[in-house]
Amino acid sequence: MTHLAADIRISAVEALAWLVDVAGGEVVSTAGGWIKTLNCFLSVLGWHTEESSKWSGNRASFGKAGAKGQPMVKVLGALAVFLQAGIGRPDLVLDSMDSDGAVGGWDFPLCHAAQHMVPQATAPFIHLNLFGQPRDEEGEMYETREDRYRVFANRFLEAVQRGLEGARSEGGEVGRASAGVSKVLKEAIAYGPGP
């Protein structure tokens, strides 16, 4: 997304948007997938924070002058999809449990088996950091929405809000695309870090 050639930047944004659409949860929860990708988005859009300013000096140019903001619209659309996958309001449907708390298809005596099972995360006890290296916040995995929201609120929220105000003031298609990002952001803020 920060490549020197404008066509490659646009292709990278389109590929990322497709990837998030197909496997959003996995993309935002991989190691480095949340913070590094947000830094990249902020760099491409020119909405710098201290972390993203090291990526480039100013907003990336998207090539031809006759594009009339089309590439910027694609970037804002991809950002909206990325934020929705990362901090958007989660579905309230329980995955494998029915209304009684029983694991799908299992009856008594295993009616509360979900509470006694090992969590089905990539590394359920990674938070203990028993054998790992000291934590690198930028390259860390953020598997839960609450963790991603906390990092986003602490490091990126202010810069994204400032950038959205600027994009909205541009008007036209860029302003309309910024409305999509604003909608996702407002829903995420209203829901907060979670229950």
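Buried means under 20% relative accessible area, exposed means over 50%, and partly exposed covers what lies in between. With those words in hand, let's look around this predicted model. We will visit its largest nonpolar core, a nonpolar patch on its surface, and a glycine, Gly-172, that counts as partly exposed.

**The nonpolar core**
- The largest nonpolar core brings together 40 residues.
- Trp-34, Trp-47, Leu-76, Leu-83 and Phe-152 have the most contacts inside this core.
- Six helices each supply at least two of the core's residues: helix 1 (6-29), helix 2 (35-45), helix 3 (70-87), helix 5 (145-155), helix 6 (157-170) and helix 7 (172-191).
- Helix 3 gives the largest share of the core, with nine residues.

**A look at Phe-152**
- Leaving aside residues up to four places away in sequence, Phe-152 touches Trp-34, Leu-38, Leu-83, Ile-87, Leu-157, Val-160 and Leu-185.
- Two of these partners, Trp-34 and Leu-83, are also named among the residues with the most contacts inside the core.

**The surface patch**
- On the surface, Trp-18, Leu-19 and Val-22 make up a nonpolar patch, and together they have about 330 Å² of accessible area.
- You can find Trp-18 in helix 1.
- Trp-18 counts as exposed because its relative accessible area is 57%, and the cut-off for exposed is over 50%.

**Gly-172**
- Gly-172 belongs to helix 7.
- Its relative accessibility is 43%, so Gly-172 is partly exposed.
- Gly-172 and Val-73 are 99 residues apart along the sequence, while their C-alpha atoms are 10.0 Å apart in space.

Methods. Residues are numbered from 1 along each chain as its sequence is written. This is a predicted model: local features need pLDDT of at least 70, side-chain atom pairs count only at pLDDT 80 or more; totals for chains, interfaces and linings use all residues. Side-chain values use heavy atoms; hydrogens and water are left out. A nonpolar core is a set of buried Ala, Val, Leu, Ile, Met, Phe, Trp, Tyr and Cys residues joined through side-chain atoms within 4.5 Å. Buried means under 20% relative accessible area, exposed over 50%, partly exposed in between (1.4 Å probe, protein chains only). Helices (H or I, at least four residues) and strands (E, at least two) are DSSP runs, numbered from the N terminus. Contact means heavy atoms within 4.5 Å. Patches are made of residues with over 30% relative accessible area and no salt bridge: like charges are joined within 9 Å, nonpolar side chains (Val, Leu, Ile, Met, Phe, Trp, Tyr) within 5 Å. Accessible areas come from the Shrake-Rupley method with a 1.4 Å probe; for residues, only the protein chains shown count as cover. A salt bridge is a side-chain nitrogen of Lys or Arg within 4 Å of a carboxyl oxygen of Asp or Glu.
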